[in-house]
Amino acid sequence: MTATDFVDGTGTQLDGDDAAQLAAAIAVCNPAALLMSMVHVSGDLGLLDEFAAELESARKDLANAQNTTGVHYSSGSGTPALPLGAFPDSVSEKVRVRAAQLLRAESTAVLGVPDEVLFRRMASLCTASDVDAEFIPLLFEQAGFRIGQRCVPVTKSPPEDFDVIVVGAGIIGINAAVKLGDAGFRYRVFEARDEIGGTWSRNTYPGAAVDTPSHYYSYSFELNPDWSKYYPSGPEYLAYLERVVEKYDLNRHIELSTKVVSADWIEREQKWHVRTQSADGAITDHRAQALVTALGVLNAPNIPDVPGLDSFEGTVVHTAEWSDDIDVEGRRVVVLGTGCTSVQLVTNIVDKVGALDVVVRTPHWIVPEKTVVNDVPQAERWAMRHLPYYQEWFRLRAYWLASDNLYPVPRIDPEWAKSHLSVSPVNDLVMQTSLRYLNESFPDRPDLIEKLTPDFRPYAKRIVKDPGFFQALRRENVNLHRAGFAEVHPDGVTTTDGEFIAADVIILATGFKLEYASLIDITGREGQRLAELWEFGDDPRAYLGIQVPGFPNLFVTAGPNAAPNHGAGHNITSEEHVHYVVECLQYLVENDYASMDVENQAMVEYNQKVDAALDKTVWAHPGKDVTGYYRNSKGRAIVPCPWRLVDYWTMLREPDVENFTFTSRSATK
Ligand code: NAP
């Protein structure tokens, strides 16, 4: 379709830039989200019935074709012949034709935010799935339709002396700043680095990018219609966070280059005594009613302990410590590791280096993802900005397709797992996709196929989406070694296979050590140190992944067993944890309490349930000894959240006050 094909609802031919933009948008937009936008613009709910019927009929046709041809298609929603959430081409085309009749460049919404019943109907059609009622409140929020719904009744404002300290100005710290401010709390954010952004300020290696879709991996209260790629680059993500900081005027609350070194609970004051260190070494004391750590999880580079590493005369750098003055142009570069970071890095330096040796101790399961490096067409960016509610529905789909539909994938079917490397039929689908991609990528390189075939169960480590790694490995200047580093010499590396690789630059893409708040010396009631309780990070446990008995008013965001490792992204953890913190604090305010401390029994029982649920997953499976940051030294999975996202989100709506001991403000001195 071109601009000149475009007519409005009355059959009038339109021209000019906007008409051209609209025509181009209609041609490229996601048809399901486009259809929803049409419903908002026209207010015509008949479109829902009409296209639900179209979808049903097209599915039947595909099912019949399948029966007659014997071709088997992947099935998502229990209906044969279509990937999850997809509209058949015939239906997509009808949506586009109708959109060309209904939409104008300056269309506005007749239908605003729908009620829950209508929303469910629309969500089901938009995702081509049966969206169960239990998902509706979450989807309402996560798609960006309902912002900041509070649960604890708000009848009082926080008292003047109710200060909150947030540690870290990454995705969660910034989120906390916005929401604490909205709720009227006085707060400060201390950030050790000299800029905001956390992971995205620290990780500046070539090709650094988010591996969760852009339109979803952002705050639901701050959608961005302008993402240039379907998966954002690190710099673009950092720029997004900077814009949020500016928009909400957060800078006046954020103290950069200020490291929190310790926090001690002062019982008689019912406050945290927090000590910070500024860049010049000066120590400052602060008091806070509540302490929110927003340190992330992957914040301490894992530097392998390899003999001779210090003796290397060239450049050695961990990806998280990359600096722009590192020059790889024409040089002999060795990369250690094959996680998400490594594949992004290798893809992005292969054109520049003289020689590249990739040293792979454990090949990961790598899957193709066609949009991982794709630009969002300009026309679709226009649609995100101009077509009413298009971006909300687009985001809803992005969330839906990558969230609880994936919950079964890491879960073990014991019978299946007895005789397969995969753990269930659905887990096997991921494995087969990955193997097919590997085999098709290297039809003439059996050596590479052998070296790159993983031998651990899919999903035991994070699945890697390929931004071009396999293509890079085909280059003449690239060698792959299935080995580790045995020793580093002044002029190169000897692998565990005994091979010597001459090198100018060694890049350690070796991931991170987990640091669950052990970066700060936190001491709770009766002198209990959090680091000791958590065995110095090896066995952290918390109630709901956030609160720890004996540490009143401490909120460890993105704490143990809180990461949605089956789907979605860190952004949902950010929002649900921040929401929960604000609800807890409001509960204190409403009831004139100074503090809340979770009962030990509640923490123990919660963790028993966590461990029991994780026992049935590939993360805790006692099969092949899988290394990686999901598990601790004893094989316990300490990172993944065992619950469906909808369940965990629901648990975090407000505190279950039965599980806490409260201290009244009048008891403080
Ligand atoms: P990673 O997934 O932990 O991978 C580290 C790699 O280094 C593995 O291949 C590992 O091999 C290897 N390695 C570690 N120590 C080694 C040693 N001593 N000798 C040889 N090899 C060693 O780390 P990552 O790739 O940095 O990713 C970390 C997390 O950040 C992942 O969850 C990833 O998804 C995330 N990430 C996210 C984005 C994003 O989009 N948000 C971007 C990049 C990374 P073994 O498996 O044998 O230990």
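**Sheet first, then ligand**

I started with the sheet: four strands make it up, it is open, the order reads 6-5-4-20, and the pairing is mixed. Strand 6 (283-288) and strand 20 (521-523) are at the edges with a single partner strand each, so one side of each has no neighbour in the sheet. I looked up the twist too, and it averages 20° from one strand to the next. A reminder to myself: this is a predicted model.

Next I checked how strand 4 (residues 258-266) and strand 5 (residues 271-278) pair. They run antiparallel, joined by eight bridges. I picked out Val 260 and found its bridge partner in strand 5, Thr 276.

Then the ligand. I found 26 residues around it, and the closest are Asp 211, Thr 362, Lys 461, Arg 462 and Tyr 629. Sorting the shell by type gave me eleven nonpolar, eleven polar and four charged residues.

Which helix gives the most to the shell? It is helix 10 (residues 340-349), with three residues. I also looked at domains: domain 2 (163-300 + 514-668) and domain 3 (304-365 + 421-510) each supply at least three residues of the shell.

Thr 341 has a polar side-chain atom 2.6 Å from a ligand oxygen. For Cys 340, a polar backbone atom is 3.1 Å from one. Ala 509 brings a backbone N or O atom to 3.2 Å from a ligand oxygen. On its own the ligand has 900 Å² of accessible area, and I noted that the protein covers 88% of that.

Notes: Residues numbered from 1 in each chain as written. Predicted model: local features only at pLDDT ≥ 70, side-chain atom pairs only at ≥ 80, totals over all residues. Heavy atoms only, no water. Pairing = 2+ DSSP bridges. Helix = DSSP H or I, 4+ residues; strand = E, 2+ residues; numbered from the N terminus. Axes fitted to C-alpha atoms, helices over the stretch in contact; angles between N-to-C directions. Near = heavy atom within 4 Å. Polar contact = N/O pair within 3.5 Å; in protein donor to acceptor, adjacent residues only side chain to side chain. Areas by Shrake-Rupley, 256 points an atom, 1.4 Å probe, with all protein chains shown as cover. Nonpolar A, V, L, I, M, F, W, Y, C, P; charged D, E, K, R; others polar. Domains from an automatic or database assignment.
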